[in-house]
Amino acid sequence: MKIIVTGATGQLGNLVIQHLLKKVPASHIIAVVRNLEKAAALAALGIEVRLADYNVPESLQNAFRLGTKLLFISSSESDDTLRVVQHANVVKAARDQKIQHIAYTSFAFAEDNPFARVHLATENAIHTTRIPYTFLRNGGYTEFFINASLKTYIKSGTIFTNTNNGKINSVSRIDLALAAATVLTEEGHENKSYNLVSNTPWSFDDLADILSDISGKSVTHQSVSYEEEKSLLVQAGLPKSFAETTAFIYRTIAEGQMERTTDDLQQLIGGQTPIKELVEKALQ
Ligand SMILES: NC(=O)c1ccc[n+]([C@@H]2O[C@H](COP(=O)([O-])OP(=O)(O)OC[C@H]3O[C@@H](n4cnc5c(N)ncnc54)[C@H](OP(=O)(O)O)[C@@H]3O)[C@@H](O)[C@H]2O)c1
């Protein structure tokens, strides 16, 4: 059996490979990358590394040769029109090379999310191949919120957001990677879609409590408007485009768009990493 992982030098792909190595020998894994130098550590582990670019169909055909299962990690391309073409190239190569099972990193509740059109288009493209599939409909990454920037909240004692204390069903990459490795190495996940979100969503009030608890200093969460949030983030040194994206995501949280839950992740991997543990790790 050969398990092919695309995007293997990315953050999620790398974690998937770490989990796979605990379940199958390195000789069963093929890492597909677009930069061989970046993949030196994977090759050193005894993993076969193949070069392919989602923009170059022939490279994908070669990279998928004699593969049994494919984990197709969605492209990080920001131009969605181009991304659809890239994804179609991957799906066609999987069909031509007779891959027997495709697991695809889609987005949670893709059918109800206008920002997940590329994922839905890709799911439909995969359906046309009739290859057994598993749609790993990943929730938003917890690392977008829980990262080294938390230190500034402890320093200032205040978290300003326009989330209105809405709930966040985010998931850490480490848990999503374990879910992907599980689907690739266990039977019974063919032709299933999993909405991989937390079943215990958290809020910024919860985060303030956790930071107070860990640091021994008082940290509070205060609500601001969308415009105020953008200005605060720019003042803090974030590029304007990132400040806008962050304030936009916070607004979707305030609107309750990230509070929907399922037990799919728990059923697949038996639990999830608690937010407090992720906060402690981010503060190290
Ligand atoms: N659920 C969420 O909250 C969320 C958030 C952001 C993104 N995503 C999606 O989830 C994917 C994985 O997340 P991540 O954190 O692992 O992202 P990442 O670290 O940016 O990894 C993306 C991977 O895709 C590879 N890639 C990009 N364009 C490619 C191309 N043209 N041909 C071949 N490979 C290409 C990258 O190669 P290099 O290593 O050479 O750069 C990298 O390995 C992202 O690509 C994006 O589609 C999800």
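Domain bounds here come from an automatic or database domain assignment. For the protein chain, that assignment gives domain 1 (3-138) and domain 2 (142-168 + 199-259 + 272-283). The model is predicted: local features need pLDDT of at least 70, side-chain atom pairs count only at pLDDT 80 or more, and totals for chains, interfaces and linings use all residues. Residues are numbered from 1 along each chain as its sequence is written, and side-chain values use heavy atoms, with hydrogens and water left out.

**Domains and annotation**

- The centres of domain 1 and domain 2, taken over C-alpha atoms, are 31 Å apart.
- An unreviewed UniProt entry annotates residues 2-249 as "domain: NmrA-like". UniProt positions are given in the numbering used here, feature names are shortened, and annotations may be inferred rather than shown by experiment.
- Residues 2-249 are 42% helix and 17% strand, and the end C-alpha atoms of this span lie 38 Å apart. Helices (H or I, at least four residues) and strands (E, at least two) are DSSP runs, numbered from the N terminus.

**Ligand site**

- Which residues come nearest to the ligand? Of the 22 residues around it, they are Thr9, Leu12, Lys38, Ser74 and Ser75. A residue counts as near if one of its heavy atoms lies within 4 Å.
- By class, the shell has six nonpolar, eleven polar and five charged residues. Ala, Val, Leu, Ile, Met, Phe, Trp, Tyr, Cys and Pro count as nonpolar, Asp, Glu, Lys and Arg as charged, and the others, Gly among them, as polar.
- Helices α1 (11-21) and α4 (80-96) each supply at least two shell residues.
- Lysine 38 places a polar side-chain atom 2.6 Å from a ligand oxygen.
- Serine 76 has a polar backbone atom 3.3 Å from an oxygen atom of the ligand.
- Glycine 139 has a backbone N or O atom 3.0 Å from a ligand nitrogen.
- The ligand taken alone exposes 900 Å², and the protein buries 81% of that. Accessible areas come from the Shrake-Rupley method with a 1.4 Å probe; for residues, only the protein chains shown count as cover.
- A polar contact is a pair of N or O atoms within 3.5 Å; within protein, one must be able to donate a hydrogen and the other to accept it, and residues adjacent in sequence count only if both atoms are side-chain atoms.

**Strand residues**

- Arginine 50 is in strand β3 (residues 48-51). It counts as buried because its relative accessibility is 14%. Buried means under 20% relative accessible area, exposed over 50%, and partly exposed in between (1.4 Å probe, protein chains only).
- The arginine 50 side chain reaches the backbone oxygen of alanine 63 at 2.7 Å.
- Phenylalanine 72 is in strand β4 (residues 69-72). At 0% relative accessibility, phenylalanine 72 is buried.

**Loop residues**

- Asparagine 147 sits in the loop between β6 (133-138) and α6 (150-156). Its relative accessibility is 25%, so asparagine 147 counts as partly exposed.
- A polar side-chain atom of asparagine 147 lies 3.0 Å from the backbone oxygen of glutamate 143.
- Asparagine 147 and alanine 282 are 135 residues apart in sequence, yet their C-alpha atoms are 5.0 Å apart.
- Most residues other than glycine have a negative phi.
- Lysine 98, in the loop between α4 and β5 (101-107), has a positive phi of about 60°. Lysine 98 is exposed, at 64% relative accessibility.
- Arginine 130, in the loop between α5 (117-129) and β6, has a positive phi of about 65°. Arginine 130 is exposed, at 77%.
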